Amino acid sequence: MSARKQIRSKKAAPASGSYSQGLKWKDLFFTTVVPYDLNLDLVGTSVEEQTKQTMENLRFLLEDAGSDFDHVLQVSAYIFDLDSNFGGFAKVYESYFTEDDFPARSSHESKNFIHNGVQCYVELQVVAACKE
């Protein structure tokens, strides 16, 4: 029996390609999240709006994996035009965590990613511990 389990949330944007919404392996959860809604449309036209949607998608996936924001261990943030958008991203991102108890994080400049004419500002790769 494999310890690897697919996590599929009906509340978060579905996977649209050859990847999983999330994978649980033993007591760890791995996912990549973007600011899509259930119809695979980008939500919002600002980095703040898109970060909020991304974090809500992450919340749903964490819940379905038996985890939460307090158990997020590491985040790799890919942000379009990092110099201009990091502040807006950080303000929303930080509101989802307990103050002074943030996960490890790296932030990277993202290339131009347009979806149906809308700029995608944020993508997160996340590793979290599961409570169960």
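**Talking through a predicted fold**

Student: How many helices and strands does the protein chain have, and in what order do the elements run from the N terminus on?
Tutor: Happy to start there, keeping in mind that this is a predicted model. The protein chain has 2 helices and 8 strands. From the N terminus on, its elements run β-β-β-α-β-α-β-β-β-β.

Student: What radius of gyration does the protein chain have, and what would a compact globule have?
Tutor: Let's begin with the extent: along its principal axes the C-alpha trace spans about 45 × 35 × 20 Å. For 132 residues, a compact globule would have a radius of gyration near 14 Å. The protein chain agrees with that, at 14 Å.

Student: Which share of the contacts with a separation of 6 or more comes from residues 24 or more positions apart?
Tutor: Good one to ask of a chain in which buried residues make up 41% of the 132 residues. Contact here means heavy atoms within 4.5 Å. Among the contacts with a separation of 6 or more, residues 24 or more positions apart account for 71%.

Student: Is Thr51 buried or exposed?
Tutor: Thr51 sits in helix α1, residues 47–65. Not counting residues up to four places away in sequence, Thr51 touches Phe89, Val92, Tyr93 and Val122. Buried means under 20% relative accessible area. Thr51 has 1%, so Thr51 is buried.

Student: Where is the kink in helix α2 centred?
Tutor: Helix α2 covers residues 82–94. Its buried residues are Leu82, Asn85, Gly88, Phe89, Ala90, Val92 and Tyr93.

Student: Is Ala3 buried, partly exposed or exposed?
Tutor: Ala3 lies in the segment before β1 (4–7). Leaving aside neighbours within four places in sequence, Ala3 is in contact with Lys24, Trp25 and Lys26. Ala3 has 36% relative accessibility, so Ala3 counts as partly exposed.

Student: How far apart are the mean positions of the positive and negative charges?
Tutor: The protein chain has 13 positive and 19 negative charges. Their mean positions are apart by 9 Å.

Terms used
Residues numbered from 1 in each chain as written. Predicted model: local features only at pLDDT ≥ 70, side-chain atom pairs only at ≥ 80, totals over all residues. Heavy atoms only, no water. Helix = DSSP H or I, 4+ residues; strand = E, 2+ residues; numbered from the N terminus. Rg over C-alpha atoms; globule rule 2.2 N^0.38 Å. Buried < 20%, exposed > 50% of the residue type's maximum accessible area, 1.4 Å probe, protein only. Lys, Arg positive; Asp, Glu negative; His and termini not counted. Charge placed at Lys NZ, Arg CZ, Asp CG, Glu CD. Bend = angle between axes of the 7 residues up to and from the residue.
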